[in-house]
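Please look through this model before reading on. My notes are meant for someone meeting it here.

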Amino acid sequence: MEVSTENGYFHGYAKKFRRALGVKEFEQFAALATDQERFTFVNELKWRVVNDLPLERAEQGEGKCMDKAREGEAQGRKLARDEDWPGALKCYNQSYLLIPEQNAHDKALLLDNRAQVLLQLGKADQALEDIDRAVSYGFPKDRLAELWERKAQIFQSKKDFKAAVECYDKVVHCLQRCCTLPDAERDGKIRELQKITDTVYYQYKNVQKYLEPPKGDRVFRPHLDGGVLYECNETDGRFATAQTNLRPNQLILKEKPHVAALVKEYSLTHCSHCFERIEILYCCPQCTDVVFCSGRCERAACGSYHRYECGFLRTLWKSGATIVSHLALRIITQKPCSYFEGIRDELPHLEASFTDKLTSDDYRKVFNLVTHSDKRNTEDYLIWTLMATMLNSVLRQGRYTTTNQPDDGFLGYLLLHNLQIVNYSAHDVSEVQRKRPNESGTSVAIGAALYPMLALFNHSCDPGIVRYFTGTTVHVRTIKNIAAGSIIAENYGPLYTKVPRTERRESLARNYRFDCCCQACEADWPAYADMDQSVIRFRCTGPACQEALLFDLSSECYTVRCGVCGQTVDIMERIKMLQEAKMLSRFNEASHLYQVGLFEHALSKYAAIMIIMDKILMPPYRDYHLCQQGIRRCCLDLGSCYIECPATDK
């Protein structure tokens with residue numbers, strides 16, 4: 001991947017900077033030995049063309065518009081009257097995004113309206129959160145009793161009688177302090193509420209002893225199968241191997257990312273923090289560039305990385321900066337500057353025995369991922385370093401660092417380092433998208449993320465795993481038998497079943513700087529369409545022999561002698577074993593389970609077929625690949641999915 005595209009202003013800026021360098025200066029840059037030196041060198045020279053870098057922070061509130069917000073709210077009220085609750089919610093979401101922060105009164109009224117729609121949609125918890133926000137935005141005091149009564153009724157329906165009593169007490173308090181009702185009507189209302197409160201309080205006391213203690217938020221626990229071991233050698237670097245025999249359909253890894261970012265196209269449809277599709281919109285008070293799925297995600301983002309990125313996202317998108325550049329920047333902005341200063345002296349001395357024990361959110365865990373800096377040409381390096389200076393300008397202008405803090409190039413060096421580790425170790429985060437429920441879906445990249453443990457899995461054109469995503473969380477399952485001691489490989493792009501070996505190797509060398517020597521490349525396995533169905537590849541039955549015995553279906557001789565170990569194999573016996581296993585009926589059953597949405601059951605069926613086939617046959621062959629594809633489909637559907645038209649047309 002590149003750090004920028006050609007259709008943004010950074011491309012022209014970089015070309016002009018390159019022309020501004022003399023031959024001697026370019027040679028000086030080429031002779032530099034460290035990224036710290038490279039960043040400092042370019043950062044001191046960039047001012048020659050800095051006027052060609054339109055990197056300005058948008059003013060607070062840019063994109064907000066009260067007139068458009070009122071139009072959306074009016075449309076939402078109309079749809080609510082027609083009981084089109086999903087349509088009303090969409091309108092209220094858009095209106096909420098557009099209301100300027102200073103229009104707190106309008107926000108409060110809108111949130112009250114949205115809370116009522118959410119109740120109609122059966123989303124009580126989200127309605128409660130909107131009511132609380134409406135109060136915090138200064139909901140009119142003479143109408144506060146309405147909100148507290150609505151909250152009380154919600155808690156009562158949830159059988160949270162204690163909270164309901166507290167809210168009914170608030171209603172009475174509001175009526176006594178600020179109420180536009182006539183005195184007699186107000187007093188009657190208070191007496192009625194007190195009777196309801198007494199009833200609810202009795203319910204609370206009556207069931208209190210039977211209530212379970214409230215459950216806290218479920219804590220995410222990363223998972224790494226005990227059968228996975230990380231090893232290291234000079235040729236392959238660090239890589240994952242199987243410590244025990246792994247079977248198909250084993251969940252071997254579940255991991256949260258160290259950093260994640262959405263691509264621009266999905267910045268207003270998915271939560272910027274967790275990548276969930278937006279149903280109930282929360283937003284940044286100052287910009288309209290990102291949205292969030294909950295108050296929790298909004299607070300997490302605006303309290304860390306977004307406070308520095310806010311106002312810069314549009315100009316970064318216009319610059320042509322790719323997701324690689326965005327991730328490199330966010331690795332920094334998601335933590336305070338003091339954090340990196342605190343670990344600065346440790347970074348050159350990190351050992352795997354130490355970093356392996358760290359959590360995924362610790363920068364030291366990703367710092368030593370591959371950069372391939374020794375394989376990058378000088379022209380390429382110059383562009384990447386210039387991008388690091390631009391990202392560093394975002395940090396300075398965004399006040400990530402204080403104005404009196406000297407810029408010694410440390411953060412710029414980290415940005416350049418991050419660009420390289422992200423380029424070779426990050427993964428696309430995908431979502432399955434389909435028009436209608438029964439149509440075949442397409443896996444679409446909605447963003448990218450860096451997963452420290454997944455990043456250590458090496459490549460094969462015949463991978464042993466499939467990965468899928470729920471939000472930003474990655475799940476990894478095996479899709480074939482992996483013997484103890486073997487590499488657990490994933491795939492960085494082209495599969496042997498689809499792309500010829502020469503094209504695969506060229507792509508991998510160009511994008512990932514290595515020559516692929518996987519089994520599919522070494523043996524030049526045929527693509528799926530070219531596999532000869534008239535020849536069956538039987539596994540030799542000799543002890544520890546891994547040779548494939550090729551049997552032509554037109555042959556009348558049903559014994560084959562292995563040319564490696566000398567074992568004579570009874571082919572007829574092998575064929576009978578396949579027939580008795582009823583592979584076709586099992587495969588059809590697995591496919592039916594997938595079609596009706598029983599993905600876990602289908603996975604088990606596909607895996608069982610593969611285990612049987614693996615005892616008798618040797619890849620590559622079509623049936624094995626079809627089962628792997630079945631597992632892939634099931635896994636993708638267990639992850640994030642979006643159906644554009646979930647209901648059938650009337």
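1. Basis. This is a predicted model, in which local features need pLDDT of at least 70, side-chain atom pairs count only at pLDDT 80 or more, and totals for chains, interfaces and linings use all residues. Residues are numbered from 1 along each chain as its sequence is written, and side-chain values use heavy atoms, leaving out hydrogens and water.

2. Helix H18. H18 covers residues 378-397, 20 residues in total. (Helices are DSSP runs of H or I with at least four residues, strands are runs of E with at least two, and both are numbered from the N terminus.) From first C-alpha to last it reaches 29 Å, close to the 28 Å expected at 1.5 Å a residue. (The expected span is 1.5 Å times one less than the number of residues.) Of its 20 residues, 15 are buried, so H18 is largely enclosed by the rest of the structure. (Buried means under 20% relative accessible area, exposed over 50%, partly exposed in between, with a 1.4 Å probe and protein chains only.)

3. The ends of H18. Asn 377 caps the N-terminal end, with a side-chain oxygen 3.2 Å from the backbone nitrogen of Glu 379. After the helix comes Arg 399, with a positive phi near 60°. Arg 399 sits in the loop between H18 and helix H19 (410-425). Its relative accessibility is 68%, so Arg 399 counts as exposed.

4. Another positive phi. Asn 249 is not a glycine, yet its phi is near 75°. Its loop runs between strand S3 (237-242) and strand S4 (251-255). Here the relative accessibility is 17%, so Asn 249 counts as buried.

5. Thr 472. This residue is in the loop between strand S10 (465-470) and strand S11 (473-478). Thr 472 is buried, at a relative accessible area of 5%. Leaving aside residues up to four places away in sequence, its contacts (heavy atoms within 4.5 Å) include Glu 255, Lys 256, His 273 and Tyr 451.

6. The second largest pocket. Its volume is about 720 Å³. (On a 1 Å grid over the protein atoms alone, a pocket is an open set of points with protein on both sides within 12 Å along at least five of seven lines; a cavity is a set where a 1.4 Å probe fits but cannot get out; lining residues have an atom within 4 Å of a point. Points are joined across faces, edges and corners, and a volume is the space filled by probe spheres set on them.) The lining has 19 residues, with Lys 90, Asn 93, Ile 278, Glu 279 and Tyr 642 nearest the centre. Helix H5 (85-98) and strand S16 (641-643) each supply at least two. H5 gives the most, six residues.

7. Cavities. There are three cavities of 30 Å³ or more. Helix H13 (313-319) and helix H14 (323-333) are the elements giving it two or more residues.

8. Which residues does a cis peptide bond join? They are Pro 619 and Pro 620, with omega about 5°. Pro 620 lies in the loop between helix H24 (599-616) and helix H25 (622-638).

Conventions:
Polar contact = N/O pair within 3.5 Å; in protein donor to acceptor, adjacent residues only side chain to side chain.
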